[in-house]
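I opened the notebook to look up helix packing, ring pairs, cavities and pockets in this model. The entries follow in the order I took them.

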Amino acid sequence: MALLLKASDLRPLFETPSSMDALLEGITAVMGNLQAGEGVNHPDLRLTLEDHKRTLRFLSATAPGCGVGMRAWPLFPGAQDANFILLFDGATGSFQALVAGGEINVWRTGAPAGVACRFLGRKNAKRVGLLGSGRQARGQLLAICRAMPSLEQVRVFSPTEEHRTRFAKEMSAWLEVEVEPVGDARAAVEGADIIDVATKSRNPVLESQWISHGALIITIASGQIPPELVLRSRVLASWKKEVLEGKPPREPYKAMIADQVWSADQIVGELGEVIAGHVTGRRDDSEVVIFEMPGVPMWDTAAAAWAYGWALKNKVGSPFSLM
């Protein structure tokens, strides 16, 4: 019998920082499995509404040990109950869960950043520079802190002082780490070991000369880092194909390739290849590493299986049947 997992059912899961630990392990496993040929990211599906202007997007993946998942969400505001994940048993195809979207997307996007820090960051990382103070920034910082117990300080900048101040206060208490709001992006990232760009901007939000040797830069959206930084960095991706062939392709890489100042071959590999031992991530502690992090459908399947497992253990959710 399947479970309906509403946002209210999952709230206790998302209120507990240590819940992220199991998701970090799940994301690590599926990314390694993908490189071993044991999982499938299926092509996405986009359905237009009657006005031919608004679109619903569906992403699906088969992940060993997690099952088969399909995420649906509207690429426009205002749709009701249209953001969710369907989870099926990977062996039998039986329907297991209908999982509310929203907050689970924040966690499934945050967890890969934490995994990247483990495999691409310096082992003694002490300071995080965070750009952004919204929901995604919250998930990113949670995962990074759970993945890197050596961290001692976070500096956060976002354009609205009230937002970054409130974020710093809340996250300091929730994660038990010093989070300091600062007045500009440079103050946040200068001297940081890990730099996480979690803003909505599609233009560069930092400058290459601000970045210290040995830093890891994580960016979740297109266009947020300057070409000059790319040229001095070792670049890896969550999904190379999505960086190069996504709709639209990621910047600044598309423009740099068109200008013949950089090539697609300079993306040295995917994080899953590093996890599987097929590609070297960081070569030394002085190297600047960029991790481009477009979403991967297997993350949704792993996150849905993680939430479903927690719900079964804690007897949460509403069973239902279509019979």
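This is a predicted model: local features need pLDDT of at least 70, side-chain atom pairs count only at pLDDT 80 or more; totals for chains, interfaces and linings use all residues.

**Entry: α2 against α3.** I then listed the contact residues. α2 brings Met20, Leu23, Leu24, Glu25, Ile27 and Thr28. α3 brings Trp107, Arg108, Ala111, Pro112, Gly114, Val115, Arg118 and Phe119. By class I noted nine nonpolar, two polar and three charged residues in this contact.

**Entry: α1 against α11.** I turned next to helix α1, residues 7-14. Its axis and that of α11 come within 11 Å and cross at roughly 90 degrees. α1 and α11 are therefore roughly perpendicular to each other. On the α1 side I found Asp9, Leu10, Pro12, Leu13 and Phe14. On the α11 side I found Trp306, Ala307 and Trp310. Seven residues of this contact are nonpolar, none is polar and one is charged.

**Entry: aromatic pairs.** How many aromatic pairs are there? I noted six. One I looked up in detail is Phe14 with Trp306. The ring centres are 6.1 Å apart and the planes stand at 45 degrees, so the pair is tilted. Phe14 sits in helix α1 and Trp306 in helix α11, so the pair ties together parts that are 292 residues apart in sequence.

**Entry: largest cavity.** I asked how many cavities of 30 Å³ or more the structure holds. There are two. The largest has a volume of about 60 Å³. Its lining is Val30, Met31, Leu34, Gln35, Ser238, Glu270, Gly272, Val296, Met298 and Trp299. Two elements give two or more residues to this lining: α2 (20-35) and α11 (297-314). Which of the elements gives the largest share? It is α2, with four residues. I sorted the lining of the largest cavity into six nonpolar, three polar and one charged residues.

**Entry: second largest cavity.** This one has a volume of about 40 Å³. I listed Phe14, Glu103, Val106, Trp107, Arg135, Arg138, Gly139, Leu142 and Trp174 as its lining. The largest share, four residues, comes from α4. By class, five residues of the lining are nonpolar, one is polar and three are charged.

**Entry: largest pocket.** I finished with the largest pocket, whose volume is about 1,400 Å³. It is lined by 43 residues. Which of them are the closest to its centre? I noted Asn105, Gln136, Arg202, Ile220 and Ala221. Strands β4 (55-63) and β5 (67-74) each supply at least two residues of the lining, as do α3 and α4.

Terms used: Residues are numbered from 1 along each chain as its sequence is written. Side-chain values use heavy atoms; hydrogens and water are left out. On a 1 Å grid over the protein atoms alone, a cavity is a set of points where a 1.4 Å probe fits but cannot get out, and a pocket is an open set with protein on both sides within 12 Å along at least five of seven lines; lining residues have an atom within 4 Å of a point. Grid points are joined across faces, edges and corners, and a volume is the space filled by probe spheres set on the points. Ala, Val, Leu, Ile, Met, Phe, Trp, Tyr, Cys and Pro count as nonpolar, Asp, Glu, Lys and Arg as charged, and the others, Gly among them, as polar. Axes are lines fitted to C-alpha atoms, for helices over the stretch in contact, and angles run from 0 to 180 degrees between N-to-C directions. Angles under 35 degrees count as roughly parallel, over 145 as roughly antiparallel, 65 to 115 as roughly perpendicular and the rest as oblique. Contact means heavy atoms within 4.5 Å. Rings of Phe, Tyr and Trp (its six-membered ring) pair if their centres lie within 6.5 Å; planes under 30 degrees apart count as stacked, over 60 as edge-to-face and the rest as tilted.
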